Amino acid sequence: MNSFRYIPASIEEIKKIYKFIGIKDKKELFYKIIGDIHLIEGKELDFMPDQMDELSLYKYFSDINDKLRSSGSIPVFAGAGIYDHYVPSAVDAIISRAEFYTPYTPYQPEVSQGTLMALFEFQSMLASILQMDTVNASMYDGAESLAEAVLMSLRIYRQNRQTGSDVGNSKKIKILVSKSVNPIYIEVVKTFIKDLDIVIEFTDIDPKKGYTNAAHLKEKLQENKNICAFIVQQPNYFGIIEDLEIIEKIVHSEKSASSSNPHLIVCSSEPFSFGVIAPPGFYNADIFAGEGNSFGNYMNFGGPLLGLFAAKKEFIRQMPGRITGKSKDDKNQDAYLFILATREQHIRRQAATSNICTNNSLNALRAAVYLSLCSKEGFKEISLLNLKLSHILCEKLIDTDLFSLKYTGNFYNEFVIEINNKKMNASEYINEMMKKGILAGISLEDGGNAVLIAVTEKISIKDIDNYVNRAVELFS
Amino acid sequence: MKKFPGSKGLVFNEDLLINQSSKGLSGVNMPSNNLSGVHIGKTAKDYIDAKFLRNEENSPLLLPEVSESTTVRHFTRLSSWNICVDTAFYPLGSCTMKYNPKINETIASLNNIKNLHPMLSAAYIQPVLKIIYEFNRLLCGLTGLNEFTFNPQAGAAGEFTGMKIIKKYFEVKNEKRNIVLIPDSSHGTNPASSYIAGFTPVEIKTLFADKPDGHSSREGAQNSGKDNEFVSIQSKSKGYIDITELKKYINEDVAAIMITNPNTFGLFEKNIREVAELMHKNGSLVYMDGANFNAFIGNCKVSDFGVDILHLNLHKTFSTPHGGGGPGSGPVGVKDFLKEFLPVPYISVCKQTPNNKQAADDDEQGDYYELKNEKEHSIGRISSFYGNFAIILRAYSYLLSLGKQNISKISEIAILNANYMKKRLKDTFIESDPFPEELCMHECVLNDNVFQSEGISTLDFAKSIIDYGFHPPTIYFPKNIHGAIMIEPTETESIKTMDSFIDAMKQIKKKGNKYSTKSPKNTKIRRLNEVLANKNPIFK
Amino acid sequence: MADNNKFYFAKSHEWISPNSNNIYNLGISDFAQSELGDVVYVQLPEIGKQYKKDEKIGEIESVKSVSEIYAPVDLTIKSVNSKLNETPELINNEPLGDGFIAQIELNNPSDLSLLMDKNSYESFVKSNHE
């Protein structure tokens, strides 16, 4: 008998190794290594539960899964950065291949061509969806990816300022952010830049339309000299489509005192929208940072997700994370490998473009399989279906006269409604709807009456009608 | 001839999927959604302003056009080009490539768990919050620390979080300290993480010199720029932090030391308690990089080393799969006095009341778990939600499967296996062992002395062992070991497997460089032209 | 290139060599390029900029390492070798010739005395790196 099911050593073999290395027992082994530092023994491990055989373990978690029935298998109308899209079985089947999920990072390309070629395809597909030059092999999530985009922009800005002939170096660098960006993303950006001598300023949104106020953006750019970037989300946190054409013109043509215009950083938490609306690259975005979880990944209670990062080609040496490239082997066959590794921490240490090492490669692979399955037409159609369904729900809700649309700008698959009945606030509404088996949305702010609602292709017309009927019931 | 796992076989060719397209094909059929006639015929511009629409001419969408069957075959063929833990011994030093239990995958794919939206109100997710809470309790027990955050998504994110906590600690104390001391043998993430957190990393020489660098290998050398010289003080070789040397760097500007233990030579930092004492006396903190916690789990608490703050890699010690590069999870644990600085959101526990109780759930202890977003001195938010829950779940399941009966066996056997390999390599590779007298911990390190006398570079060796059916060890790291070969067997490998690997190493040495410079031969592709790929990058 | 044989070396492995009219070529030594391996990218200094001795003026990358290029003396960059953008391997092939990095002017001509001649540099390399 072996001592534990994951350990392929019998009691006899363990004894044999002890004998071979000339050590009596565990006590001596540790004593020779750690000296008189305390060795945990017997009862000290009582805080640990008893070992569980596989069947008990399965039953234990299966029970938990059952308890979550009323929250894990209900129609989801909540988005706010993470969307409940359907994951085809083929994605799970491919990802459950041990050849994909059990290897390490492909630093030895000869034995990792599968992962590397799949990542290359991931980069290619995303580059096309976003219309950006270069996509990396993934970051952790949308928020962290955006924070890295800010650091990258800051780095480029500092470099330009250093070499540029203009002065004004004493002034603090600023980053301009639209108030329509996901507040969680902004919080993460704040954590990243806190000790780095850089300040955030916000541009207002149009209170009726829900998109960035272009005039205010212009004003801000004119009154501030040291802005390294402007961050806008597409579609924005409220689901509204930003007019990137106007924004880009303002950001890239303002003559500020610095040698170059601020970077346009576009972020997104729902890149599925780019099957219908024009992608960030079309508007000349310098950097894109976003959340790719919508492509073939589960919500997993918030992680792991899929950080997307893309930039113009000219910035490739400033990009964080791994980049997969194509080359040839000794026999002139196509071969894939990580390139421009000198940007990374294992070579450049503190001068690296980022500290990231482990990324969310397997989630990127899920996205690659998913997008391949969708193919060109499927991707566009699912994207359109999301748009349609959200508009159908929105229309039906407004028709009840129980809700009004908070922002009237064009939206993709997410929108904000306000509850007309002042007796119930958004959290109470969501709570009551949960009791009816529907995750009805996200409360936009504590105690407020605005609900952020998202609709994906997983929602049927029946679900939509049920949502509307339950809401009507609630207020009658 | 001995039989090794590596063999020849049919290797599939497979083109990029985009090159296999037929116009109009797709691997999905649209969900019907019972769309009524009015909506079926509508297009995007019936809902939104046409100026926002994607236009195929300006923004061509270059996705493949293939069926489900073609997609599945494509990725299945690709997968056959990978070596993985399930197919081969993967003794990648510093990476803890242990077996990934299958039950954990089953659990993580349970339907209601994987489909949970992270912004559900706490009443509806009590079992999930309880898992995180309980796992926190177990990690505290195993490390001797007082609280963990699970928000960091990987080891480097954990380091960054830890560094931010240290920043905040001194900010609240109103002390200005900018320096973080980092031994030169550390992982590159350490200086990078401390730098982006706003510190100035200062490298401490571990005073270890393997041999001066005369002819650093042109290919594959990870760190040998022309500025990087080996310290040639052979007599002082010991492989861990030297107290006299460390003292030179300690001053009032030092915020913390970042210390990897066991260090990247696979050795226990013998002076760690003295280091901690010196740091604490100076008002500085001790951060431990717990990437190598597999050497301690169940046998040593890091609190006994004097550690104030630590990150763990669930994708190493706690058996969660590496996923070909990620996702991971890098929880950070702290002592009581640093709790207030942990990131938000966090979980707190209180007693159940009629108000918070949800009908479907009945916790035996009557505990109720809440998610909190506010904390006065918190460093703030570092990830979108609560970290990589699906990874935490797997790691928790791993600990439950081990239980108190088995938890201490993990590190014991990991250490035994590494020392078994170290000793078995002695007859042939004694000249390559920089620490012949020492017991190693979970991994052992060799230099390239023995191979080089046969004209075999470390890179050649690594590529050769592939054909024998093994994944190569970590190579050229740590940088102060010449042509380093870093072997970490983990506890989930058998004596037979280790023996076979050692036999292969010896055979490679015997066969000499004629064979090894042309390796690998049995893989899908041969050695790559890295210069071409980096000179003219093709990335899509 | 005039006066091909007159090379002045720094301990950080850069050289300068007189070209014409107070203009000097600047590059890295044969030893330095051999340590680096195949050069894949060069970040060139900025034209017109003045650098102090030991200040970083650029970077050279091989596949797996990065080296900084330092100003061996106080200098001003007059022009850069833009051929290196397309063919960085010139640094490997002709480190002392077409693989030069920039043309410079000395800010203090007397600084030349701070540098080593070819023989002293060679023995410096020998004693430190072998």
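**Close-up views of a predicted model**

**View 1. The interface between chain B and chain A.** In this predicted model, chain B and chain A bury about 17,600 Å² between them, and carbon and sulfur atoms give 64% of that area. On the side of chain B, the residues that lose the most area to chain A are B:Phe52, B:Arg54 and B:Phe539, which together make up 5% of what that side buries. The contact draws on 205 residues from chain B and on 196 residues from chain A.

**View 2. Charged and polar pairs between chain B and chain A.** The rule finds 10 salt bridges across the interface of chain B and chain A, and a salt bridge also links A:Asp50 with B:Lys404, whose closest N and O atoms lie 3.7 Å apart. Across this interface there are also 85 residue pairs in polar contact, counted where both residues have a pLDDT of 80 or more. Helix 10 of chain B, which covers residues 389-424, gives the most to the side of chain B that touches chain A, with 29 residues. Sorted by class, the residues on that side of chain B comprise 102 nonpolar, 61 polar and 42 charged.

**View 3. The contact of chain A with chain C.** Here six residues of chain A are in contact with 10 residues of chain C, and the two chains bury about 710 Å² between them, with 45% of that area on carbon and sulfur atoms. Three salt bridges are found across the interface of chain A and chain C, and the side chains of A:Arg317 and C:Glu61 meet in a salt bridge with an N to O distance of 2.8 Å. Four residue pairs are in polar contact between chain A and chain C, both residues being at pLDDT 80 or more. On the side of chain A that touches chain C, the elements that give two or more residues are helix 8 (142-163) and helix 12 (345-348) of chain A. That side of chain A has one nonpolar, three polar and two charged residues.

**View 4. The domains of chain A.** Chain A is divided into domain 1 (1-39), domain 2 (74-86 + 376-475) and domain 3 (98-370). Taken over C-alpha atoms, the centres of domain 1 and domain 3 of chain A are separated by 49 Å.

**View 5. Confidence along chain B.** The average pLDDT of chain B is 91, and 92% of the residues score at least 70. Over residues 212-236 of chain B, however, pLDDT stays under 50, and for these residues the model has 66 contacts beyond four places in sequence.

Conventions
Residues are numbered from 1 along each chain as its sequence is written. Chains are lettered from A and ligands numbered from 1 in the order in which they are written. Side-chain values use heavy atoms; hydrogens and water are left out. Contact means heavy atoms within 4.5 Å. Buried area is the accessible area (1.4 Å probe) that two parts lose on being put together, summed over both. A salt bridge is a side-chain nitrogen of Lys or Arg within 4 Å of a carboxyl oxygen of Asp or Glu. A polar contact is a pair of N or O atoms within 3.5 Å; within protein, one must be able to donate a hydrogen and the other to accept it, and residues adjacent in sequence count only if both atoms are side-chain atoms. Helices (H or I, at least four residues) and strands (E, at least two) are DSSP runs, numbered from the N terminus. Ala, Val, Leu, Ile, Met, Phe, Trp, Tyr, Cys and Pro count as nonpolar, Asp, Glu, Lys and Arg as charged, and the others, Gly among them, as polar. pLDDT is the predictor's confidence in each residue, from 0 to 100. Domain bounds come from an automatic or database domain assignment.
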